[in-house]
Amino acid sequence: MLGKKRKLGKKINDIKTGEKFTTSFTVEDRDLLMYLGLTDDANPLYIQHDYASQTPFKRPVVPTVMVFGMVSSIVSMHLPGPGSHIIQQNLEYPKPVYHYADVRFHAEVTAIHKEDHQVELQVVGYDEEGDEVVKGTLIVQPPYEPDSMNSISLENFY
């Protein structure tokens, strides 16, 4: 990402109720290893097949915070996009995500509160079987309109 021009995401006046974004992620070993290394999380449910096989899950699961990370990247990179900030989340994880899973996500703007500089997003994620693995709402502050010529130059920061 260094050396690559990045524009800010959609400002509050450019966002419309009903606007949608869909994407998918595949959980790879490298992603799990990076998460576990960064957090020093050694939960056997995440990494030990012998332990996980003796639980109702039957195999290792992906930490829910990693699933939320996928949701967060949708906000940060796409809807509303770079410069956005999640200030509230209400998410459920009705079914675990397993290693190597493909997860499809749908995000939709359900409300805009210009006076508070906030948008509400409805988010749902599905596994390969079409079952929900995450669902809920986010309150997001989209990027702020730059105030000065100096801050406008940050629109194409490196």
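**Helix packing and a few local details**

A: Happy to, and let's start with a helix: the buried residues of α1 pack against α2 (44-47) and α4. Keep in mind that this is a predicted model.

Q: Which residues of helix α1 are buried?
A: In α1, which covers residues 29-39, they are Leu32, Tyr35 and Leu36. Seen down the axis of α1, these buried residues fall within an arc of 95°, so they line one face of the helix.

Q: What follows α1?
A: Asp40 does, and its phi is positive, near 55°.

Q: Switching topic, how many aromatic pairs are there?
A: The count comes to one. The partners are Phe25 and Phe105, with 5.7 Å centre to centre and 75° between the planes. That angle is over 60 degrees, so the pair counts as edge-to-face.

Q: Where do Phe25 and Phe105 lie?
A: Phe25 is in strand β1 (residues 20-26) and Phe105 is in strand β3 (residues 102-113), so the pair ties together parts that are 80 residues apart in sequence.

Q: Is Phe105 buried or exposed?
A: Phe105 is buried, at 0% relative accessibility. Phe25, with a relative accessible area of 26%, is partly exposed.

Q: What sits over the ring of Tyr98?
A: The charged end of Arg59 does, 3.8 Å from the ring's centre.

Q: Okay, loops now. What's in the one between α3 and α4?
A: Lys58 is one of the residues there. Lys58 is not a glycine, yet has a positive phi of about 70°, and with a relative accessible area of 57% Lys58 is exposed. Thr55 is also found in the loop between α3 (49-52) and α4 (64-77), but Thr55 is buried, at 10%.

Q: Which backbone oxygen lies 2.7 Å from a polar atom of the Thr55 side chain?
A: That of Ala52.

Q: Where is the residue His117?
A: In the loop between β3 and β4 (118-126). His117 has a positive phi near 55°, and counts as buried at 12% relative accessibility.

Q: Last one: which peptide bond is cis, with omega near 5°?
A: The bond from Leu79 to Pro80. Pro80 lies in the loop between α4 and β2 (85-92).

Conventions:
Residues numbered from 1 in each chain as written. Heavy atoms only, no water. Phe/Tyr/Trp six-rings, centres within 6.5 Å; stacked < 30°, edge-to-face > 60°. Helix = DSSP H or I, 4+ residues; strand = E, 2+ residues; numbered from the N terminus. Buried < 20%, exposed > 50% of the residue type's maximum accessible area, 1.4 Å probe, protein only. Lys NZ or Arg CZ within 6 Å of the ring centre and 35° of its normal. Polar contact = N/O pair within 3.5 Å; in protein donor to acceptor, adjacent residues only side chain to side chain. Arc of directions from axis to C-beta. Contact = heavy atoms within 4.5 Å.
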